[in-house]
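Hi,

Here is the structure I said I'd pass on.

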Amino acid sequence: MKKPHAKTYYVRGGKPLRGEVRVSGAKNAATKELVAALLADAPVTLHNVPEIGDVRVTLEMLAELGAKVSFENGTAVIDVRRLKTEKVAEAFSRKNRIPILLLGPLLHRFGKAMIPALGGCTIGARPIDFHLDALRKMGASIMCEKGFYVATAKKLKGAIIDLPFPSVGATENVMLAAVKAKGTTIIRNAAVEPEIMDLAVLLQAMGAIINLDVNRTWVIEGVDSLHGAEHCVIPDRIVAASFMVAAALTGGDVFVRDARQTDLLSFLNALRRVGVPFEAREDGIRVTAPKELQPVVIETDVHPGFMTDWQQPFVMLLTQAKGVSIVHETVYEDRFGYTDALVKMGAKIQLHSECLGGKPCRYINHDYRHSAVIVGPTPLKAAEIAIPDLRAGFSYLIAALIAKGKSKITGVEQIERGYEDVIGKLKSLGAEIEVK
Ligand code: UD1
């Protein structure tokens, strides 16, 4: 896989998107499943792996550890029988949040693991305290030394883990440690996202004993060894939702192949309430142009609620709804920074620190601007925009696709971390985009 160059997108707005687009495999499942391969004593083959930046970085990381890695036409084969080191190189520290998930698998393999601290050892935004507390409860000793988390454990043991919040990453981390730990691990108040379910399916295929019980509880009985397996990654429900919003807002007609209704239930409910027509079929979902968009009140939540990564494209949709909409972000304290650029393009969005439009969340009485009031419809004008993060990136693309004039978008490697061939796909639907 080639490394992406620093590029700029030039997007001329006003073209309706029409045709068919296929959703790639889910980034948030594939990257974790590549890590799970570290637990096997024979090669693991994954199909439908997206060709994106985060997969490339994860594969490079596994190769640096000594794994034999091949990746062609969406199929990755990982063979870790000759793993040579328990140390993840410092270069991987700020690229994504995958290194922290390697602690359990490397501890099983070497009794020791060294992971570069994600942006230094201080616990700031997007902390990893749940991860470290849980692994310590499972018998790991973890210290921070010269910018690395250094973990040791002769043998991880099962434990009862009560997560303070159903964190996706912490649930996955405990799972990856528990499948080969001595005894049973129970994760309460755990995350149950479809991507985690897919990881559990792979782990079971590798020989793990893993079960989802009632009330967000995973029960995992440790086994001595895991074998190789072949698995197909689920389609990316965030990419699917992004294309659906782009189709609706440009007044187009797009069949989003492989979008799965079961993974998109709460998103599709919101789409229906806002007035976007869609037809869900077994092989995908077709979205057509809405007559008029209605304002709605939305609250993000952990699965099966409205996913926080759908929030950014959905806010774009609400900028064109007739009236006042409210979006209450309850998963992250600071996920509306991207709206400043949309306001410059003509959107009317105001941010508030109160919990607006729903039940109070854990950010009540904090000064986090985590509620947005959006007034529409507002025509957007082209602008020069720099992308701050992955999901905001696709929203800026959508904004440019409906804006009057030609927009210039920089920082596009953020989008390419998570969206496979995004420009190729948008152009095949009729978008006018130049890449320089
Ligand atoms: C994953 C997804 C991301 C998605 C998020 C929530 C990947 C690669 N990324 O991120 O796209 O938006 O789930 O669905 O799968 N928290 C703590 N302490 C911890 C861990 C988390 O306080 O130790 C907090 C976070 O700050 C955040 C909340 O828990 O406010 C949820 O985070 P988490 O579910 O862990 O997100 P990620 O796994 O990082």
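**How the two domains sit together**

The centres of domain 1 and domain 2, taken over C-alpha atoms, are 30 Å apart. The bounds come from an automatic or database domain assignment, which gives 9-24 + 235-435 for domain 1 and 27-220 for domain 2.

Before you read on: this is a predicted model, where local features need pLDDT of at least 70 and side-chain atom pairs count only at pLDDT 80 or more, while totals for chains, interfaces and linings use all residues. Residues are numbered from 1 along each chain as its sequence is written, and side-chain values use heavy atoms, with hydrogens and water left out.

Back to the interface. On the domain 1 side, 22 residues are in contact with 19 residues of domain 2 (contact means heavy atoms within 4.5 Å). The two domains bury about 1,600 Å² between them, 49% of it on carbon and sulfur atoms; buried area is the accessible area (1.4 Å probe) that two parts lose on being put together, summed over both. In domain 1, Val 302, His 303 and Arg 417 lose the most area to domain 2, together 35% of what that side buries.

The rule also finds two salt bridges across this interface (a side-chain nitrogen of Lys or Arg within 4 Å of a carboxyl oxygen of Asp or Glu). Glu 195 and Arg 237 form a salt bridge too, with their closest N and O atoms 2.7 Å apart.

**Around the ligand**

There are 21 residues around the ligand, and Lys 32, Asp 129, Ser 167, Asp 309 and Val 331 come nearest (near means that a heavy atom of the residue lies within 4 Å). The side chain of Lys 32 has an N or O atom 2.7 Å from an oxygen atom of the ligand. Asp 129 puts a polar side-chain atom 2.7 Å from a ligand nitrogen. At Gly 169 a polar backbone atom is 2.8 Å from a ligand oxygen.

The structure holds 23 salt bridges. One of them joins the side chains of Asp 253 and Arg 286, at 2.6 Å from N to O. Asp 253 lies in strand S14 (residues 253-257) and Arg 286 in strand S16 (residues 284-288), so the pair ties together parts that are 33 residues apart in sequence. Strands here are DSSP runs (E, at least two residues), numbered from the N terminus.

Cheers

Note on methods: Polar contact = N/O pair within 3.5 Å; in protein donor to acceptor, adjacent residues only side chain to side chain. Helix = DSSP H or I, 4+ residues; strand = E, 2+ residues; numbered from the N terminus.
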